[in-house]
Amino acid sequence: MLSGTTREPGAAPPIPTVRERRRPSSWAVELYGSAVGKKAVMAVTGIVLLGFVLVHMIGNLKVFFPDAEKHLNAYGEYLRTIGEPILPRTGFLWIVRSALILSFLLHIHAAVSLTALNRKARPKGYEGGRSYSAASYAARTMRWSGVIVGLYLLFHLMDLTWGNANPDFIRGEPYNNLVASLQRWPVALVYIVANLALGVHIYHGAWSLFQSLGLNNPRFNLWRKRFAQGFAAIIVIGNVSIPVAALAGYFDDPEHITGEATATQTAPFAPASNQAAGS
Amino acid sequence: MNLSLTLKVWRQQGPDDEGCFETYQANDITEHMSFLEMLDVVNEQLLAENKEPIAFDHDCREGICGMCGVVINGKPHGPNGGTTTCQLHMRHFKSGDTITVEPWRARAFPVIKDLVVNRGAFDKIIQAGGFITAPTGGAQDANLTLVSKATADTAMDAAACIGCGACVAACPNGAGQLFTAAKVSHLNLLPQGQPERWARVTSMVDTMETYFGSCTNYGECEAVCPAGISINFIAQMNRDYLRAKFKDKRGQIRQVDVADEG
């Protein structure tokens, strides 16, 4: 550069940086400070949240068991008593909840800060159209599906954990709360849409985590995509089946709750039509 | 059959200029011309009209130097996969087409002039560890250092990177992962790269992150790469980086080159 504002013709412009890097005292902080480290944290917290989503879905499917009310309420009570008497009541539950809250916050923090970094690293797009060659719909909408799932989670907690979004909420009676909530069709619709968004989020995330953690090998690279597809499909089908069943009137049938008439049925997952015929 | 095309080209006087699109007519273009030869024809016209020709990077014009590279209709190196701009022939366009030609867009790649960008950030990454610090001496006998066929092939696949920057240009995050991963991997896979393996990946990734965005596993880079570099190398680099960080909790690697344990 010759003088203040004019650059020598042909001289390369200086390369702008997206950030300055400092050396923090702790290696863990330093690792999280790197984008690769943040992605690894997103992957690990993602695995924790995937595990939660899977176990949560399996637990929820108890609503289709005969004598569902008794089963689901007993399951809810069991979750509060795990670890007793070495741990206080709900002690284990709070350990799991703490891990989930921490994972959730780290996942969101990493996503937000990486998004900010990426916006900075690519300030200008292309005029000639942005036709993606490889990125799937799920990959491109991760930030949106993430926000939808986050807002849905808040509603879900208000609806079925704290009860302030559910007028018929009775603490300690999850079956009653679930059925009462899903009887309202707009709520059932919210559950369906949010779980589809969750499935889209999982579809990219469950594949992407292998890349972020560097778990790749020609022997199982195809299997990584299959795993993501399968996981997303199982979660969506399992979770969406409950509001769909509610919309179809499955939970209106009192026999389903008491299980008296279902004792003779052979299939435990009897569809709603069979139930209607029995009444 | 000769083509008549409308070109919308990004013109920018210098790094500090705002820049804008200019429209040019390119007539009498034969379908055998490469995209760069088509630009040459346009530049001849501009010179004849006493106008400033379009500045673009080019060198070998056979797809190995990595100099050329413009974004054609929103795609780095144009619509065909696995080619550089110089290998893109005009037969892939139709007469009457409007073609938008832009420089690589990323914060790390500031425009020098028109379609020419400064890819010096890549040099910074190479300077950080894209080499082997070893006295090489004379060429040693063949097969003194044994390398398995699979490893040699994978390292060669990574070494195919020509450093053109299309990966960064294609990435909606302006991330330099594919380039860095290729450069880290081709050395870290081979025995000669082992002594500096962990220092190399730490140093190169940290330098990369000073200039570039972060990977979101879109795979757009892989799709436009003229050398066909796989995003599997990004996973390889991530793994090496995380392993280096866990091995070296006290940050000694960057101070001393630690010999690998084996």
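**Entry 1: chain B overall.** I kept in mind from the start that this is a predicted model. I counted eight helices and seven strands in chain B. Of its 262 residues, 56% are buried. I also checked contacts in chain B between residues at least 6 apart in sequence, and 68% of them join residues at least 24 apart.

**Entry 2: the largest nonpolar core.** Which residues touch the most other members of the largest nonpolar core? I found Ile202(A), Phe109(B), Phe122(B), Leu178(B) and Phe212(B), in a core of 65 residues. The biggest contribution, seven residues, is from helix α8 (residues 185–212) of chain A. In chain B, domain 1 (2–113) and domain 2 (119–134 + 142–247) both give residues to this core, so it lies between them. I then noted another core apart from it, made of 27 residues, including Trp10(B), Ala26(B), Met38(B) and Leu46(B).

I took a second look at Phe109(B). Leaving out residues up to four places away in sequence, Phe109(B) touches Trp104(B), Val117(B), Asn118(B), Arg119(B), Phe122(B), Gly165(B), Val168(B) and Phe212(B).

**Entry 3: helix α4 of chain A.** I tested the length of this helix, residues 91–121. Its 31 residues should span 45 Å at 1.5 Å a residue, and the end C-alpha atoms are 45 Å apart, so the two agree. Its buried residues include Leu93(A), Leu100(A), His107(A), Leu114(A) and Asn118(A). What covers the buried residues of α4(A)? I found α1 (27–33), α2 (35–60), α3 (68–81), α6 (142–160) and α8 of chain A among the covering elements.

**Entry 4: aromatic rings.** I got 19 aromatic pairs over all chains. One that I followed up is Tyr132(A) with Tyr218(B): the ring centres are 6.3 Å apart and the planes are at 85°, which is over 60 degrees and therefore edge-to-face. This pair crosses between chains, from the loop between α4 and α5 (137–140) of chain A to the loop between α6 (197–211) and α7 (220–224) of chain B. Are the two partners buried or exposed? Tyr132(A) has a relative accessible area of 30%, so I logged it as partly exposed. Tyr218(B) comes to 12% relative accessibility and therefore counts as buried.

I also noted one aromatic cluster, formed by Phe210(A), Phe220(A), Trp223(A), Phe227(A) and Phe231(A). Next I looked for charges over rings. The charged end of Lys38(A) sits over the ring of Tyr32(A), 5.0 Å from its centre. Lys62(A) lies over the face of Tyr75(A), at 5.3 Å from the ring centre.

Entry 5: I placed Pro85(A) in the loop between α3 and α4 of chain A.

For positive phi, I wrote down Asn50(B), with a value near 65°. Asn50(B) is in the loop between α1 (35–48) and β3 (71–72) of chain B, and its 74% relative accessibility makes it exposed. His77(B) also has a positive phi, near 65°. I found His77(B) in the loop between β4 (75–76) and β5 (98–102) of chain B. With a relative accessible area of 0%, His77(B) is buried.

Key: Residues are numbered from 1 along each chain as its sequence is written. Chains are lettered from A and ligands numbered from 1 in the order in which they are written. This is a predicted model: local features need pLDDT of at least 70, side-chain atom pairs count only at pLDDT 80 or more; totals for chains, interfaces and linings use all residues. Side-chain values use heavy atoms; hydrogens and water are left out. A nonpolar core is a set of buried Ala, Val, Leu, Ile, Met, Phe, Trp, Tyr and Cys residues joined through side-chain atoms within 4.5 Å. Buried means under 20% relative accessible area, exposed over 50%, partly exposed in between (1.4 Å probe, protein chains only). Helices (H or I, at least four residues) and strands (E, at least two) are DSSP runs, numbered from the N terminus. Domain bounds come from an automatic or database domain assignment. Contact means heavy atoms within 4.5 Å. The expected span of a helix is 1.5 Å times one less than its number of residues. Rings of Phe, Tyr and Trp (its six-membered ring) pair if their centres lie within 6.5 Å; planes under 30 degrees apart count as stacked, over 60 as edge-to-face and the rest as tilted. A charge sits over a ring if NZ of Lys or CZ of Arg is within 6 Å of the ring centre and within 35 degrees of the ring normal.
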